[in-house]
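Please keep the display at hand while reading.

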Amino acid sequence: MPAATLTISSRNYSSWSLRGWLVCRMAGLDFETELLSGNDASTRAELLHLSPSFLVPRLVHGEIIVWDTLAIAQYLNEIRPEAGFLPRDAVARAHCRSISGEMHGGFINLRSALPMNLKARHTNFKIFNGARGDIDRVITIVDECLSRYDGPFLFGETPSLADAMFAPVCTRFRTYDVALSRRTALYRDTILAWPLMEAWTAEAAREPDEIEELDMEF
């Protein structure tokens, strides 16, 4: 039996569920995934950004219960430091923590205007000014990281916590056909071709149709 259970709300729509799943896989944790029903009112509130308290994803590991993606990552970093969530260099490590925290707490306009939807494709999508500022900030972060740490991931040759935090934004860039700098476009493609992302995306494509109506609500 798996040693842990990760509860998520949707593979197709939930960026926080994706982040939680990525860090669990990156840590090599033996876990099973529990998918909440899209018909559940609290799940729909979470997906539509209407809930004041986000309790998904939630990791149960023995007697430990931890929710919130960043809290899950911090817990896993404590018990699996070999996972390499953070760079070894102190300066790079501080940088990684900073941009991960910025993604965790910011980019509200981007989240609202371009919700995650792995199945959808929108060409010539109208991006309003508020979201454009967030997109420009993401491009600045990615370009700076790739320039400083030589890629292909944000802090070098292997994925870090920051890549797990930025992965859902890369899916948004594809879904809404967002114009990017050359470096950021290459990073987007690197993340989308990451085997963990390919596995998640394949499962999202098979997600039950019971929550397809969320497209209309979004």
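Over the ring of which residue does the charged end of R19 sit? The ring is that of W16, and the charged end of R19 lies 4.3 Å from its centre.

## Basis of the report

The model is predicted, and local features need pLDDT of at least 70, side-chain atom pairs count only at pLDDT 80 or more, and totals for chains, interfaces and linings use all residues. Residues are numbered from 1 along each chain as its sequence is written, and side-chain values use heavy atoms, with hydrogens and water left out.

## Charges over rings

A charge is taken to sit over a ring if NZ of Lys or CZ of Arg is within 6 Å of the ring centre and within 35 degrees of the ring normal. Besides R19 over W16, there is R11, which lies over the face of W200 at 5.9 Å from the ring centre.

## Aromatic pairs

Rings of Phe, Tyr and Trp (its six-membered ring) pair if their centres lie within 6.5 Å; planes under 30 degrees apart count as stacked, over 60 as edge-to-face and the rest as tilted. The count by this rule is four aromatic pairs. One of them joins W21 and W200 in a tilted arrangement, with 5.3 Å from centre to centre and 55 degrees between the planes. This pair links distant parts of the chain, since W21 belongs to helix α1 (residues 15-26) and W200 to helix α9 (residues 195-205), 179 residues apart. Helices (H or I, at least four residues) are DSSP runs, numbered from the N terminus. W21 is buried at 8% relative accessibility, and W200 is buried at 1%; buried means under 20% relative accessible area, exposed over 50%, and partly exposed in between (1.4 Å probe, protein chains only).

F153 and W194 also pair: their ring centres are 5.9 Å apart and their planes stand at 65 degrees, so the pair is edge-to-face. F153 is in the loop between α6 (129-149) and α7 (161-175), while W194 is in the loop between α8 (182-192) and α9, so the pair ties together parts that are 41 residues apart in sequence. F153 is buried, at 9% relative accessibility, and W194 is buried as well, at 7%.

## Salt bridges

A salt bridge is a side-chain nitrogen of Lys or Arg within 4 Å of a carboxyl oxygen of Asp or Glu. A search of the whole structure gives five salt bridges. Among them is the bridge between E144 and R148, at 3.4 Å from N to O. These two residues are four residues apart in helix α6 and therefore separated by about one helical turn. E144 is partly exposed at 35%, and R148 is partly exposed at 43% relative accessibility.

Another bridge joins D189 and R188, at 2.9 Å from N to O. D189 is partly exposed at 40% relative accessibility, whereas R188 is buried at 19%. R206 and E203 form a further salt bridge, with their closest N and O atoms 2.6 Å apart. Here R206 is exposed at 56% relative accessibility, and E203 is partly exposed at 33%.

T69 is located in helix α3 (residues 69-79) and is buried, with a relative accessible area of 1%. Apart from its neighbours within four places in sequence, T69 is in contact (heavy atoms within 4.5 Å) with W16, R19, G20, P57 and M165. These contacts include W16 and R19, the ring and the charge with which this report began.
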